Amino acid sequence: MDFLNGKIKTLYFKYLASAFGSALITSIYSIVDMAMVGKYHGPEGTAALAVVAPIWNIIYSLGLLMGIGGSVLFSTIRGMEEGETRQSNEYFTVSIIGSVILSIAAWIIIAFFDRQLLVFFGAEGATLTLAREYVLPIKYVIPCFLFTQTLAAYLRNDKNPTLATAAVLAGGIFNVFGDYFFVFTCDMGAFGAGLATAIGTVISILVMLSHFVTKKNTLRMVRPTKLLHKFKAISVTGFSTFFIDIAMGILTILFNRQIMAYLGTNALSVYGVIVNISTFVQCCAYSVGQASQPIFSTNYGAGKGDRIRETLRYAIGTTSFFGIVWMVLCLAIPNRFIQLFMTPTEEVLRIAPAIIRSYGLSFLLLPLNIFSTYYFQAMMKPQAAFTVSISRGLIVSGILILLLPVVAGANSIWFAMPLTELLVAIYAVYMIVRYTKQLSTAEKVALH
């Protein structure tokens, strides 16, 4: 695969298929877990896994920070000087070092302070008990979850997206069957779902590591120069992608607390389903960003603006398709989602349609907004990416989540995200147009 000279349409859709498969299967870990635990324990099980969701956001976001941040610089350097590997591998090495440090820190916090974390995320009573049962086996393999994100990003940029997908697929398939076996056959409940997820991620990381013994591998651990400078560059470049996942955790905490304060456990269980739908939608957005990022970065380094514009057209079309599909599904079959993820009570089935339809409006623009952060990162515009991430993930959304129930009634909270995505999309589209107009068609860029 030649990022600089190959046919853009072929490259993009080949990478989209791999990235979509990888992102979709990744979401299966939490989706299948919630469905199985919800069927086994009822609404309390669904609520418990909604409380656990921010832990996944923290772990995955740290992996994306090092993986996306480093791989953008990795590909940009290779676009600037075709055939150059030493400097690009310095960024790979620093990403791995950073991932080790961050995984150890996350490991210690989750292993020893899980109760405090889950209470902070909104767990109490039976919900807390089930959440801790689920997290228990996961504690032992925390670094594996983080490294799957880091390595998957580099495998895509090292022209082996198929293996990244195969790795996640192998772990995901085990998780699906393992969930049923451990939860129901072995009667382990929430603990069994966590056990299946833990084993699944170990399988994924082992498959990914096989890349390093293949002939196509160009990733090498080398002694980096200016390690702290490179770590800073990776962190700055990857921060927006990192914050997208962190923001999902922050929003989940805010929603959990506000829902419990104003609407109660039944509404929280419906929100737990929304979290899983949103995970699917975000995975669609991630797939577009991850498919186009290696093409963007390499051609940006080489100064080939026309190829970037062509890739952008395909990416915008794909995000529009995903947004329309998910919004229409939420409007058309809200209770089908509820029945998929839990054994609902009559009260849950009564309140769910209005909640899912209101929140589901946000899915129209969500894929575009998330994709824009990948585009800005690849164009070396971290400030624009940061603005999108922090606006939709904390500032605008946070204000609306806290303010709407006070000024417009409890149920208005479900419109917080549709309003957020609309306001952010206006800014994102403006900046995409602005930066795309500035692209050179011939002159190479300098990496700072």
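Two rings of Phe, Tyr or Trp count as a pair if their centres lie within 6.5 Å, taking the six-membered ring for Trp. Please keep that cut-off in mind. The model I am showing is a predicted one.

With that rule, Phe255, Tyr271, Tyr359, Phe363 and Trp414 form one aromatic cluster. How many aromatic pairs does a search of the whole structure find? The total is 28.

Now the nonpolar cores. In general, nonpolar side chains of soluble globular proteins tend to be buried together. Here the largest nonpolar core has 80 residues. Which residues have the most contacts inside it? They are Phe255, Val270, Tyr271, Tyr375, Phe376 and Trp414. Helix H10 (residues 265-302) gives the largest share of this core, 18 residues. As for Val270, if we set aside neighbours within four places in sequence, Val270 is in contact with Ile338, Val348, Ile351, Ala352, Ile355 and Ile356. Another core, of 66 residues, lies apart from the largest one and includes Ile110, Phe147, Ile234 and Phe243.

Last, charges over rings. Lys159 lies over the face of Phe3, 5.5 Å from the ring centre. Lys230 has its charged end over the ring of Tyr91, at 5.5 Å from the centre of that ring.

That is the end of my part.

How values were computed:
Residues numbered from 1 in each chain as written. Predicted model: local features only at pLDDT ≥ 70, side-chain atom pairs only at ≥ 80, totals over all residues. Heavy atoms only, no water. Phe/Tyr/Trp six-rings, centres within 6.5 Å; stacked < 30°, edge-to-face > 60°. Lys NZ or Arg CZ within 6 Å of the ring centre and 35° of its normal. Core = buried A, V, L, I, M, F, W, Y, C linked by side-chain atoms within 4.5 Å. Buried < 20%, exposed > 50% of the residue type's maximum accessible area, 1.4 Å probe, protein only. Helix = DSSP H or I, 4+ residues; strand = E, 2+ residues; numbered from the N terminus. Contact = heavy atoms within 4.5 Å.
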